[in-house]
Amino acid sequence: MRRTSYCPDCHREVLWTVTDAGKRLAVNPAPDQDGNTVAFRDGHGVFRSRRPTDELPAAAWEKTYMPHVATCPKKLKPPAAAPAALPPGVADLSAYRLKGRSRT
């Protein structure tokens, strides 16, 4: 039986997997051929996931999934809006601001 949960941000259903590095990765629960992650269930019932490579392509027992972060509406950023025109007499000082340096 699949162990699905819900995304804490958008509350959609996700399938939690464990990567080769031991990290947890949420994938959409339905297999998706457009995804870039393959997963399988090991002997302990844990879903294991990895990125297929040219050296180690997807095996016959692995299914392709889409990582949830790629489709989560709360994680996707809207396109940046065009900067508003400054009123007359106002100078744009953003090019002269310190970036990542202390002011002292």
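## Model and conventions

This is a predicted model; local features need pLDDT of at least 70, side-chain atom pairs count only at pLDDT 80 or more, and totals for chains, interfaces and linings use all residues. Residues are numbered from 1 along each chain as its sequence is written, and side-chain values use heavy atoms, with hydrogens and water left out.

## Overall make-up

The chain has zero helices and six strands. Its elements run β-β-β-β-β-β from the N terminus. Both kinds of element are DSSP runs numbered from the N terminus: helices are H or I with at least four residues, strands are E with at least two.

Of the 104 residues in the chain, 26% are buried. Buried means under 20% relative accessible area, exposed means over 50%, and partly exposed lies in between (1.4 Å probe, protein chains only). The accessible surface of the chain is about 8,400 Å². Carbon and sulfur atoms hold 56% of that surface. Areas come from the Shrake-Rupley method with a 1.4 Å probe; for residues, only the protein chains shown count as cover.

Contacts are heavy atoms within 4.5 Å. Among contacts in the chain with a separation of 6 or more, 50% link residues 24 or more positions apart.

## Strand pairing

Two strands pair if DSSP finds at least two bridges between them. Strands 4 and 6 run antiparallel and share three bridges. In this pairing, T37 has Y65 of strand 6 as its bridge partner.

Strands 4 and 5 are also antiparallel, joined by four bridges. Here A39 stands opposite S49 of strand 5. The two strands form a hairpin with five residues between them. G45 in the turn has a positive phi of about 85 degrees.

## Nonpolar cores

The largest nonpolar core has six residues: L15, L25, V27, A39, F47 and Y65. Such a core is a set of buried Ala, Val, Leu, Ile, Met, Phe, Trp, Tyr and Cys residues joined through side-chain atoms within 4.5 Å. Another core, of five residues, lies apart from the largest one; C7, C10, V14 and C72 are among its members. In soluble globular proteins, nonpolar side chains tend to be buried together.

L25 belongs to the largest core. Leaving aside residues up to four places away in sequence, L25 touches L15, W16, T17, T19, T37 and S49.

## Salt bridges

The whole structure has two salt bridges. The criterion is a side-chain nitrogen of Lys or Arg within 4 Å of a carboxyl oxygen of Asp or Glu. One joins the side chains of R48 and D42, at 3.0 Å from N to O. R48 is partly exposed, at 31% relative accessibility. D42 is buried, at 18%.

The other joins R50 and E62, at 2.7 Å from N to O. R50 lies in strand 5 (residues 47-50) and E62 in the loop between strand 5 and strand 6 (63-65), so the pair ties together parts 12 residues apart in sequence. R50 is buried at 13% relative accessibility. E62 is buried too, with a relative accessible area of 10%.

## A positive phi at H11

H11 is a residue other than glycine with a positive phi, near 65 degrees. Most residues other than glycine have a negative phi. H11 sits in the loop between strand 1 (4-6) and strand 2 (13-19). At 58% relative accessibility, H11 is exposed.
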